[in-house]
Amino acid sequence: MKLTKEFRDYHRGILGPHYSGFEENLFNPKTRASIRVNTLKIGKKDVEKILGENNIEYADIPWCDSGLWTSNTNLDLIHHQLGYYYIQSAASMIPAEALNPGEGDLVLDLCAAPGGKTTHISQLMGNRGSVAANESSPPRIRALVYNIQRCAASNVYVTKQDGCRYYSEKPFDKILVDAPCSDVGTAPRNRKKIIQWRRGKSIKLSVVQKKLIHQAFRLLKPGGVLVYSTCTTPLEENEHVIQYLLEREETAKIKKIKLKGLDCAEGLSRKTRHCLRLLPQHSIGESYFIAKIEKK
């Protein structure tokens, strides 16, 4: 597939020495199928047995105790429908692991549908504490509720609010903002995202993303932690959003994300160097951005 001149020139400019590997692997990445075992319902060893019985090879994902790489992409078995595991990319397991919610925490997932990260957060909390899963779109709420129920995430309640103006009487200990984005990271599955990408679209999306992260930060307790993530590459939707918050909130501080065995790059500016950038040439095979921010 031929890249547009705008896409190629823009990404060559922001990625510099990373660009050649980025283009080479964009449509032929090292992506492997993966699942997250839902330990709210079943043990990891039991799922490994199920995979073995279906002739599916597996290996541990080092940064997620419940994550497994698999040799097969046809994973929609009855066990998936029963909620024993969640078919989920390895990259999308990182935000909840970086958030690291505690059992007694009050947590907000501001852009929650379809529920992969929400149910992961619930699982990490052992169904204790509480998780507000917010989604403003009714069709997407249906998918969110289905996955919450399927995974038996009983500490989750669903809210329907505009995330940019989200209201809560109580502040939150942890907040995840997995922001709507231009989805460049989904290129291996959806090549139209590359054809349709325009910098102007990323600039428009960044307006919403900045509102989401700023409102989320206002809802955070002092000492609380916010994780911002996207599955895309443009600076406008990633580093610029983080810098926007840092310039307006003096109590915001970027925290280094420490996850074992994760192959990635740093953020592309001095202020955001502790953020994580995943690119197709990395072992995970996807483009992703994750930032962890503490409210001092």
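## Domain contact and salt bridges in a predicted model

In this predicted model, 25 residues of domain 1 are in contact with 23 residues of domain 2, contact meaning heavy atoms within 4.5 Å. Domain 1 comprises 5–17 + 91–295, and domain 2 comprises 32–88; these bounds come from an automatic or database domain assignment. The C-alpha centres of the two domains lie 24 Å apart.

Residues are numbered from 1 along each chain as its sequence is written. Local features need pLDDT of at least 70 and side-chain atom pairs count only at pLDDT 80 or more, while totals for chains, interfaces and linings use all residues; side-chain values use heavy atoms, without hydrogens and water.

The size of an interface is often given as the accessible area lost when the parts come together. Here domain 1 and domain 2 bury about 1,900 Å² between them, 54% of it on carbon and sulfur atoms; buried area is the accessible area (1.4 Å probe) that two parts lose on being put together, summed over both. In domain 1, the most area is lost to domain 2 by Met93, Gln123 and Arg150, which together account for 40% of what that side buries.

Between the domains there are 14 residue pairs in polar contact (both at pLDDT 80 or more). A polar contact is a pair of N or O atoms within 3.5 Å; within protein, one must be able to donate a hydrogen and the other to accept it, and residues adjacent in sequence count only if both atoms are side-chain atoms. The count of salt bridges between domain 1 and domain 2 is 0, a salt bridge being a side-chain nitrogen of Lys or Arg within 4 Å of a carboxyl oxygen of Asp or Glu.

By this rule the count comes to 17 salt bridges.

| Salt bridge | N to O distance | Relative accessible area |
|---|---|---|
| Lys5 and Asp9 | 2.6 Å | Lys5 63%, exposed; Asp9 35%, partly exposed |
| Arg277 and Glu239 | 2.8 Å | Arg277 2%, buried; Glu239 0%, buried |
| Arg248 and Glu247 | 3.6 Å | Arg248 44%, partly exposed; Glu247 55%, exposed |

Lys5 and Asp9 are separated by about one helical turn, because they stand 4 residues apart in helix H1 (residues 5–15); helices are DSSP runs (H or I, at least four residues) and strands likewise (E, at least two), numbered from the N terminus. Together with Arg12, Lys5 and Asp9 are linked in a network of salt bridges.

Terms used: Buried means under 20% relative accessible area, exposed over 50%, partly exposed in between (1.4 Å probe, protein chains only).
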